[in-house]
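Here is a short briefing on charges, contacts and backbone in one protein model. Keep the structure open while you read.

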Amino acid sequence: MNSKEIRKKFLDFFKSKQHTIVSSAPMVVTNDPTLMFTNAGMNQFKDIFLGNAPAKNKRVADTQKCLRVSGKHNDLEEVGHDTYHHTMFEMLGNWSFGDYFKKEAIEWAWELLVDIYKLDPDRLYATVCEGSSEDNIGADEEAAEYWKKFLPSDKILLGCKKDNFWEMGETGPCGPCSEVHIDLRDDEERKKIDGKDLVNKNNPLVIEIWNLVFIQYNRKADGSLESLPEKHVDTGMGFERLCMAIQKKKSNYDTDVFQPVIQKIAELSNKKYGNNNETDIAMRVVADHLRAICFSIADGQLPSNNKAGYVIRRILRRAVRYGYTFLNFNEPFINKLVPTLVDLMGDAFPEIKAQQTLIEKVIHEEESAFLHTIENGIRLLDNIIAKTKSENKNVIDGKSAFVLYDTYGFPVDLTELIARENNLTIDEKEFNNELNLQKTRSRNAATVEADDWTVIKEIQEEEFLGYDETELDVEISRYRVVKTKSEEFVHLVFDKTPFYGESGGQVGDSGIIESSEEKININNTIKENNLIIHVAKQLPKNPLAKFRAKIDVKKRIATANNHTATHLLHASLRQLLGTHVEQKGSLVNSNYLRFDFAHFQKMSDDEIRQVEKIVNQKIRENKPRNENRQVPIAEARNMGAMALFGEKYGDVVRVIKFGESVELCGGTHAEATGQIGFFKIISESAIAAGIRRIEATTGENAENIVYETIDTLKQIRQLFNNSPTFVQSIKKSIDDNENLKKQLDDLMQEKMKLLKQKMLENIEEINGIKVIRSLFSINAENLKNIIFEMRKEIKNILIVIGCSDSDKPTLIVAMSDDLVACGKNASLIVREAAQEIQGGGGGQAFFATAGGKKNERLNIAIAKAIELATK
C-alpha cells in the first residue's frame, strides 16, 4: 500500500462508520493566543471540548497537518538524526462528540489496523491507564476488557498517568487514553527481548502508532475531577509511523512519504542516500523541513524575524545549512524540491498545489539571502581565523563566534567545522554565556518585533566621533522598523555619528537629524553588537538624503557630569571605606547617577556625609580631564587605571583621569571636575549580599534637592507655629498619636466582644451543624480574633460572615476542627460561594476568605456557603 492509499483507506473507513470527513485546519494558528501552530489533531475542535461551541457533527474524521518544534522528543536540532520524529507531520484522527465511546473506538481501531491495513496482530500491544491515587481513579478496566476481545492479557499493559492520561490544560476536559504500539523488530530480535518490555522505552522500532483518548472527566480549578455529562473520543494516529509499519520499513524516511523527495535531493546533490551517515542525516533534515516550510507558506505564514515567521525561517535556514555543509549546495536548491512534494501531497492538501509558484519564490529568496549571509560570514570568519593564528592562539573566542551567529546569522556549527579545518576550536563556554545573555534579553523584550535591516550604503564600521563633536554631517547606512505592543520605531544607523550609544551604564544621547527637507527627532541611541543605533519615531521621507546630526547638548553635559561624578564617588568610597570597594554596576543619565559597589555593611549617616564632602572638595579643585584614547592595556594598568567589574577590554583602551581617579572608560565626561558644580547623595541601600547602592545627583538637580529639603522643613515649622523647638513638638505629636491609637484599639476590642455575644445569641442548627451567620459593615480583619475564638470554643460550629467594607465585599468561612475532620473544607466552600459576588479566594480547611465585586449579593453568597457546608 502506498501512502496515498493508506491515507484514503483511513478516511474511507471512518466514512463507512458514519463519520463526516473534514478538511485539515491550517497549520498556522491565527485565532488562538496560546498557540502559534496546530500541534495536534484536536486543536480545531478545542472549542467543542471546552463547551464554547456546539458540535456540528457527532462523528468526525480527518488528516491534520501539525507542526512541533519543541517539547518532548521534538527538539528541532534533533530532527533528522532519528528515524521517527519530525517537525511537520500528519495526524490521522477520528472524533466522537457525545456519541460512541470506548467500545466502538477500540473495536474500530483493531478492525482498521488488522483487517484493512493487514498489520500482524502478534506485533501489536495496547496500553491502558493504570489509574491515579492522586485523582482517586482506578485502572481503566473498561478499556482493558474491550481489548481482551482482540489481545491476550500479557499484551494489554498498564501505563502511568504521564503516558496514559490526557489533559487539555491545567483545567478542563481530560481522561484516560489507550495507546496502540507495534513491534517492528526482526524476528530474531523479538525472540531475545519481549516487545512488551520495550513499550514506551524510546526504542525506535517499538513505537506508538495510535492514541485513543477517552474524554470523560473535567479537571476543576481545585484539581479534582468530575465526570462529564457527555463523553467524547479523540484519537490521533501518526501517519508517517503508520506508513512505516504497513510498508515494513525501519524508518519513516524509508517510506514513500519521504523517499521521492530524498531521491530528488540525492539527484540534485549527486550523492546516494544510504552510503554516508552525515549526508543521510542532511537529506532527512531537508526532506522533513521542506514539508514544514511549504505548508506554513501555503497557510499564509512567510518567514520573518518574529513569532511564527521566525520559527519557519529558523527551520528553512537549518535545511539550507545542512545542504550547504554536507551536500555541497552553494546555490538555492530547496525550491527545486517543491514540485516533488506537490506531486506527493497536493491531492490530499490542494493548498500547496494552488500556491506552488508562491512557495517556490519565497523559498528561493530566503535561500539566496541566507547563502549570501553564509558567504559574508565565511569572509568575516577568515579574518577572525587569521587574527587568532597571528596571536599564536588555537581557540577562537566565543564572543566573536557569537557575533557571527547573532549579528550576521552565521551558524555556529559551521564556524566549528571551518575552525576544525584550520586546526582551531571555539570557546564554547564563552559562546554559550553570550547566547544565554541574548536569550535573557530576548525574553525581556518578547513583545518587540524587528524587521530585517534595509541596507542603503555599505560601510565597514560606523565611526563614533562624539568625544569631540556634538554635530556632524551624516548619511544613513541602514534602517529597520521595530514594533512593540503599542508603538512603532525606526532604527537608523549612520556612516558616522556624534551620538553616544547606551553602554557602560551611560544612557544614549538624544537630539535631531535634519536635511533640507525635514527634521527628525532622535529619541534614544543604543548599541547592538557594535552597531550604534539611533531610535526615531519615523523614517525620513528620503533616507538617501544627507543629514546634519545634532545631539541634545544640555542633556549630554548633564549626563557627562554625572558620569564623571561616579568616578569621583568611586575614588572617594575607596579613600574613606577601604580599597575593598569595587564598582559592581552603574547607571548614568542626565537626571541622576546610580552606583553599585562591594561593601560589607550599611554606610552610616556620617560616612555618607564624609563621602559627599570628599567628592565636593574634588569638584571645587576643578581637576581637568586627562584623556588617553589608544593606550595599550598593560600600560593603562601601570598608570593605575581600574578595570571595572567583569568588563572585557581590547588590546588598546581609553583611560580617563581626574586627579587621583584613573579608570578605563568609554563614556563621556566633564572637561574638568568644576563643571559638575555640586554633588548630593539621595540614598544608600543594599541590593544584594555585600553589594550596596548609592543614588546621587549633581549640579542644578542637586541644588533643587537641597531647596526642597529646606522648603519642607519650613512647612513643618509652620505646622508647629514656627516653634524654635519644633523637633520636640513633632516627637510629642507622634507620642500623642500612639496613645490615641491605643485607645481606639481598646474601644474596637470592646465592640468585638459585643458583636461576638450577639452572634452567639443567634446560633441556628442545620442538619446537626451549629451555624452562625452575620453580615457586617466593617473591615474583615477586625473580626478574625473573635472568629478564631468561637471555632475553638464551640464544637460542631460553622461560621459564615459577610463584610461590606467600602465597595469590596469579603466572605469568611470558618469551622471547628471536628467538622474539618469529617471532611468539610472551608477553602473549597468559600471558593465556590464567592462566585455569587464575582470573586474568588481560598485559605485553609478550617478558615478561608474570598473577595469580590458585588456587595449586594453578599447575603446570597452567605446562604450558598451554608448550603454547601451543611448538605
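Predicted model: local features only at pLDDT ≥ 70, side-chain atom pairs only at ≥ 80, totals over all residues.

Side chains of opposite charge can pair when their charged atoms come close.

- K155 and D122 form a salt bridge through their side chains, at 3.0 Å from N to O.
- K155 sits in the loop between α4 (141-147) and β5 (156-159), and D122 in the loop between α3 (102-116) and β4 (124-129), so this pair ties together parts that are 33 residues apart in sequence.
- K155 has a relative accessible area of 10%, so this lysine counts as buried, the cut-off being under 20%.
- D122 is partly exposed, at 41% relative accessible area.
- Both residues belong to a network of salt bridges. The network links D120, D122, R123, K155, D183, R185, D187 and R190.

**Two other salt bridges**

- D163 pairs with K162 in a salt bridge of 3.5 Å, N to O.
- D163 is buried, with 17% relative accessibility. K162 is exposed, with a relative accessible area of 64%.
- D736 and K732 also meet in a salt bridge, at 3.2 Å from N to O.
- Both of these residues lie in helix α21 (residues 726-760). They are four residues apart there, which means a separation of about one helical turn.
- D736 is partly exposed at 34% relative accessible area, whereas K732 counts as exposed at 53%.

**R219, a buried arginine**

- R219 is part of strand β8 (residues 206-219).
- Is R219 buried or exposed? The relative accessible area of R219 is 7%, so this arginine is buried, as the cut-off is under 20%.
- The R219 side chain makes a polar contact of 2.6 Å with the side chain of D135.
- The R219 side chain also reaches a backbone atom: the oxygen of G223, at 2.7 Å.

**A negative patch on the surface**

- Which residues gather in a patch of negative charge on the surface? They are D222, E226, E832 and E867.
- E867 is located in helix α25 (residues 858-870).
- E867 is partly exposed, with 46% relative accessibility.

- N200 has a phi near 60°, a positive value in a residue other than glycine.
- N200 lies in the loop between α6 (187-192) and β8. N200 is partly exposed, at 33% relative accessibility.
- N392 also has a positive phi, near 60°, and is likewise a residue other than glycine.
- The place of N392 is the loop between α13 (356-390) and β10 (395-396). N392 is exposed, with a relative accessible area of 74%.

- How many residues apart in sequence are D256 and E684? They are 428 residues apart, and their C-alpha atoms are 71 Å apart in space.
- D256 is in the loop between α7 (239-246) and α8 (259-269).
- D256 counts as partly exposed, at 23% relative accessibility.

Methods:
Residues numbered from 1 in each chain as written. Heavy atoms only, no water. Patch = residues over 30% accessible without salt bridge, like charges linked within 9 Å, V, L, I, M, F, W, Y side chains within 5 Å. Areas by Shrake-Rupley, 256 points an atom, 1.4 Å probe, with all protein chains shown as cover. Salt bridge = Lys/Arg side-chain N within 4 Å of Asp/Glu carboxyl O. Lys, Arg positive; Asp, Glu negative; His and termini not counted. Charge placed at Lys NZ, Arg CZ, Asp CG, Glu CD. Helix = DSSP H or I, 4+ residues; strand = E, 2+ residues; numbered from the N terminus. Buried < 20%, exposed > 50% of the residue type's maximum accessible area, 1.4 Å probe, protein only. Polar contact = N/O pair within 3.5 Å; in protein donor to acceptor, adjacent residues only side chain to side chain.
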